[in-house]
Amino acid sequence: ALASAPADTDEFLVSDAGTLKRIDYSLIKGSAGLTKLASTTTADATSSAITFGSSYITSTYDLYLLSGWCIPADDGAYIRIRVQSSGSDDTTSSGYGFENVLMGGDNHANDNDETYIRTKSNGTYGGTNSGEGWFLNCWISNPLSSSYPTMFSGTTTIVQQDGNHEASVFSGCRYVSANNGVTVYWDTGNHDTGSTLTLYGVTK
C-alpha cells in the first residue's frame, strides 16, 4: 500500500464503457486545499525560536499557513516573526514593516523600519500559568519571490498573564527579498514546553 500521496505521473486504471484505460494522478487529484508540511512541538523551555526552513519553504507553494499554540517561558512576552535566508534569520536593518491593532480597543502599533514583524501592540501580554498562552494564525505569501515582498497577515488570540482574553490583527512584510524560511520567537525569553506550530502549503 502507498504510504504517501501518489506522484503526479503515477497511473490509475479506469473503465471507459468497459474498456480499461490509464490516467495520470495529476488529472484526478484535488486542485485546492492545504497540505501539512511540518509540525514542531517544544519538549522543554530551552527553545528560543521555532523555525521552518528550506525543506518546507519551496517552489511547490506560493502561499503558506502557519498556525498553532505558543506558550512563553516568561510573563509579558509577545510574538515576533522573521524570515530566513540560507538558514539564518534575516535581521536586515529597516528590512521589515508591520502594523497591528487590538480588536475591541484602541491600542495599535506600526513601524516600517524594523528587523522583525510584531504581532501585538502595547498592553498586557501572554502569561505562563496553566491555561494562558497565544494562538497564532498567520498567512505567508510569496516567500521565495525576488520581485515581490514576502507578505504576512494574521491574528493572535491570547489568554494574558492577568487571565483575561485578548485578540489582535496584524500584517507585515519583508521588503523585496527571496526567503526560504520563517522563524517565530518571543521578544524576551524562550518558548515553554508544549508550544506547537504547524506549517501548511496551499495547493496552487
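**Reading charges and contacts in an all-strand model**

Mentor: This is a predicted model. Secondary structure comes out as zero helices and 15 strands.

Trainee: What are the spans of the C-alpha trace along its principal axes?

Mentor: They are about 70 × 40 × 35 Å.

Trainee: How do I read burial, and what percentage of the residues count as buried?

Mentor: Buried means under 20% relative accessible area. Of the 204 residues in this protein, 39% count as buried. The accessible surface comes to about 10,200 Å². Carbon and sulfur atoms hold 47% of that surface.

Trainee: Which share of the contacts joins residues 24 or more positions apart?

Mentor: Take the contacts with a separation of 6 or more; residues 24 or more positions apart account for 70% of them.

Trainee: Now one residue. Where is Arg82, and is Arg82 buried or exposed?

Mentor: Arg82 sits in strand E6, residues 79–85. The cut-off for buried is under 20%. Arg82 has a relative accessible area of 14%, so Arg82 is buried.

Trainee: What does Arg82 touch?

Mentor: Leave out residues up to four places away in sequence. Arg82 then touches Asp89, Asp90, Thr91, Tyr96, Thr115, Tyr116, Gly181, Val182, Thr183 and Tyr185. With Tyr185 there is also a side-chain to side-chain polar contact, at 3.3 Å.

Trainee: Next, charges. How many positive and negative charges are there, and how far apart are their mean positions?

Mentor: There are 10 positive and 21 negative charges, and their mean positions are 9 Å apart.

Trainee: How many salt bridges does a search of the whole structure find?

Mentor: Five. One of them joins the side chains of Asp90 and Arg174, 2.8 Å from N to O. Asp90 lies in the loop between strands E7 (88–89) and E8 (96–102), and Arg174 in strand E13 (residues 165–174), so the pair ties together parts 84 residues apart in sequence. Asp90 has 9% relative accessibility and counts as buried. Arg174 is also buried, with a relative accessible area of 9%.

Trainee: Which side chain meets Lys120 in a salt bridge?

Mentor: That of Glu166, at 2.6 Å from N to O. This pair links distant parts of the chain, 46 residues apart. Lys120 is in the loop between strands E10 (117–118) and E11 (133–141), while Glu166 is in strand E13. Both Lys120 and Glu166 are buried.

Trainee: And Lys21 with Asp16: what is their N to O distance?

Mentor: It is 2.6 Å, in a salt bridge between their side chains. Lys21, at 40% relative accessibility, counts as partly exposed. Asp16, at 39%, counts as partly exposed too.

Technical notes: Residues numbered from 1 in each chain as written. Predicted model: local features only at pLDDT ≥ 70, side-chain atom pairs only at ≥ 80, totals over all residues. Heavy atoms only, no water. Helix = DSSP H or I, 4+ residues; strand = E, 2+ residues; numbered from the N terminus. Buried < 20%, exposed > 50% of the residue type's maximum accessible area, 1.4 Å probe, protein only. Contact = heavy atoms within 4.5 Å. Areas by Shrake-Rupley, 256 points an atom, 1.4 Å probe, with all protein chains shown as cover. Lys, Arg positive; Asp, Glu negative; His and termini not counted. Charge placed at Lys NZ, Arg CZ, Asp CG, Glu CD. Polar contact = N/O pair within 3.5 Å; in protein donor to acceptor, adjacent residues only side chain to side chain. Salt bridge = Lys/Arg side-chain N within 4 Å of Asp/Glu carboxyl O.
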